[in-house]
Amino acid sequence: MVHTVLALLLYMKGLREVEVNEAALLSYLDPLSAVVYAFLIFGEIPSLRTAVGGLLILSASLADILKKG
């Protein structure tokens, strides 16, 4: 319970620092990191559909970062 509240508080504090649309876009990286950790820790190989979805999320996030820079 404490870790959930802490994560939510950090997320709300972070919203003060970045625009809401950037926070929403970057929040999609959370499931992507779960897939990467599952691969690294458990050796679970993602399906092609999962890999393509992860690449789309990563490319959209990267495009937004490059657009701002």
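1. Let us begin with a pair of charged side chains. Asp64 and Lys67 form a salt bridge, and their closest N and O atoms are 4.0 Å apart. Please keep in mind that this is a predicted model. By the rule used here, the count comes to 1 salt bridge.

2. Where do Asp64 and Lys67 lie? Both belong to helix α4, which covers residues 48–68. They are 3 residues apart, about one turn of the helix.

3. The two partners are worth looking at one by one. Is Asp64 buried or exposed? Its relative accessibility is 14%, and since buried means under 20%, Asp64 counts as buried. Lys67, on the other hand, has a relative accessible area of 63%; the cut-off for exposed is over 50%, so Lys67 is exposed.

4. Which residues does Asp64 touch, leaving aside its neighbours within four places in sequence? The answer is Glu22 and Leu25. Helix α2 spans residues 20–27, and Leu25 of α2 will come up again in the next point, in the contact with α3.

5. Now turn to helix α2 and helix α3, the latter made of residues 29–42. Their axes come within 5 Å and cross at roughly 25°. Angles under 35 degrees count as roughly parallel, and α2 and α3 are therefore roughly parallel to each other. On the α2 side the contact is made by Leu25, Leu26 and Ser27, and on the α3 side by Leu29, Asp30 and Pro31. Sorted by class, this contact has 4 nonpolar, 1 polar and 1 charged residues.

6. Stepping back, what elements does the protein have? There are 4 helices and 0 strands, and from the N terminus on the order reads α-α-α-α. The radius of gyration is 14 Å, well over the 11 Å that the globule rule gives for 69 residues, so the protein is more spread out than a compact globule.

7. Two further values complete the overall picture. Taken along the principal axes, the C-alpha atoms fill a box of roughly 35 × 35 × 15 Å.

Methods: Residues are numbered from 1 along each chain as its sequence is written. This is a predicted model: local features need pLDDT of at least 70, side-chain atom pairs count only at pLDDT 80 or more; totals for chains, interfaces and linings use all residues. Side-chain values use heavy atoms; hydrogens and water are left out. Axes are lines fitted to C-alpha atoms, for helices over the stretch in contact, and angles run from 0 to 180 degrees between N-to-C directions. Helices (H or I, at least four residues) and strands (E, at least two) are DSSP runs, numbered from the N terminus. Angles under 35 degrees count as roughly parallel, over 145 as roughly antiparallel, 65 to 115 as roughly perpendicular and the rest as oblique. Contact means heavy atoms within 4.5 Å. Ala, Val, Leu, Ile, Met, Phe, Trp, Tyr, Cys and Pro count as nonpolar, Asp, Glu, Lys and Arg as charged, and the others, Gly among them, as polar. Buried means under 20% relative accessible area, exposed over 50%, partly exposed in between (1.4 Å probe, protein chains only). The radius of gyration is taken over C-alpha atoms; the globule rule is 2.2 Å times the number of residues to the power 0.38.
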